[in-house]
Amino acid sequence: MGLQSNTNLLSYYREMQRIRTFEDRVGELYLRGESAGSMLHLSIGEESAAVGFCNAMTDGDTFTTHHRGHGIFLARGADPNRMMAEIGGKEDGYCRGKGGSMQIADMGLGHLGANAIVGGGIPAVVGAALVAKRRGNGKISVAFFGDGAMQQGILYESMNMAALWDLPVVFVCINNQWGMGTRIDQATKATKLHERAAAFGLNAETVNGLDVMDVIAAADRIVEGARAGTPGFLAVDCFRFYGHGRKDKSPYRTEEEETVGRQKDPVKFAREALIAQGHDEAELDALDKEITEEMDATIDFTIASPEPALDTMFQDVYAPGQPVPEPVRSRIERVLARE
């Protein structure tokens, strides 16, 4: 399916542009010293994977993401203000500032949790898919992860169980070519990633992430199969525009590779296709300006949001009704006083 033939391209472009602009503001928040934690991982260059696959999902579907999952959560309908506040470690964030960039979750939107452990979120979708199958509700569960997780054993255990039990689950590998600082062909000899999943009996494909419509078409096929009881795997090939973390200057990549890689820009590709369809550049500029204003506001919202109160430290960690853990210092003082 080509971009030029799709009447919904403008909405897909809008969502990809929202993700890119949000990620730009995430980087800005980090450089201003307003973010929580010492690391941030941007998904710029991967927008078609998030928008393209999430387009095939419906309300009630569940999913997990990895440490580079901001765009996926936005594509599933997340509020960018609450997302940015969480990244800033603020009370108004999705997890009241306790999750930060790499552990955002929201059960209301089906987000079972992001995970900073490589491949850490993968097995959770097997359990969620088993629940969906038992209930017969027609829902799927999706694990999003990077190409670095393709070398993790938990992925193969999970794919084997999903295939054995005919679970409505999909494994989505966003292959940005670099697992941290190691290029995919330096990490594995078998770079046709979908062939590994096919060996377990999954519906498996690889799609070029340049064209969001190609991703949507592949996602529709894989998701249709999963809802019918055959688990799936989709690898989306794209290019990570920046380093592993926000301050990583990618010394492991040549300037030529950076230049060639950034030409694989799904946002620019969609914009050029829209212009070819007859959309006026001024119209697209106005849309971009609207998105910029929306994402600029997330910074102000985050800075104005209060810090979590100290006495909320153990809330949402221990079960309701459980006693609050006693600080080590007070325990020592109590023991010494007794002696």
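Trainee: Which residues have the most contacts inside the largest nonpolar core, and how many residues does that core have?

Mentor: A nonpolar core is a set of buried Ala, Val, Leu, Ile, Met, Phe, Trp, Tyr and Cys residues joined through side-chain atoms within 4.5 Å, where buried means under 20% relative accessible area, exposed over 50%, and partly exposed in between, with a 1.4 Å probe and protein chains only. In this predicted model, the largest such core has 60 residues, and those with the most contacts inside it are Phe22, Phe53, Val142, Phe144, Val172, Val212 and Leu234. Apart from it lies another core, of 23 residues, among them Val126, Ala129, Ala149 and Ile184.

Trainee: What does Leu234 touch?

Mentor: Contact means heavy atoms within 4.5 Å. Leaving aside residues up to four places away in sequence, Leu234 touches Phe53, Phe171, Val172, Cys173, Glu205, Val207, Ala218, Ala219 and Ile222.

Trainee: Which residues of α9 are buried, and what covers them?

Mentor: An α-helix has 3.6 residues a turn, so residues three or four places apart point the same way. Helices (H or I, at least four residues) and strands (E, at least two) are DSSP runs, numbered from the N terminus. In α9, residues 212–227, the buried ones include Val212, Val215, Ile216, Ala219, Ile222 and Val223, and the cover over the buried residues of α9 includes α1 (9–31), α2 (47–54), β4 (169–175), β7 (203–208) and β8 (232–237). Just after α9, Gly229 takes a positive phi of about 110°.

Trainee: In what order do the strands of the open sheet stand?

Mentor: Two strands pair if DSSP finds at least two bridges between them. Here six strands form an open sheet in the order β2-β1-β3-β4-β8-β7, with parallel pairing. Its edge strands are β2 (111–114) and β7, each of which pairs on one side only. Strand β1 (residues 62–65) pairs with β2 over three bridges in the parallel sense, and Thr65 stands opposite Ala114 in β2.

How values were computed. Residues are numbered from 1 along each chain as its sequence is written. This is a predicted model: local features need pLDDT of at least 70, side-chain atom pairs count only at pLDDT 80 or more; totals for chains, interfaces and linings use all residues. Side-chain values use heavy atoms; hydrogens and water are left out. The expected span of a helix is 1.5 Å times one less than its number of residues.
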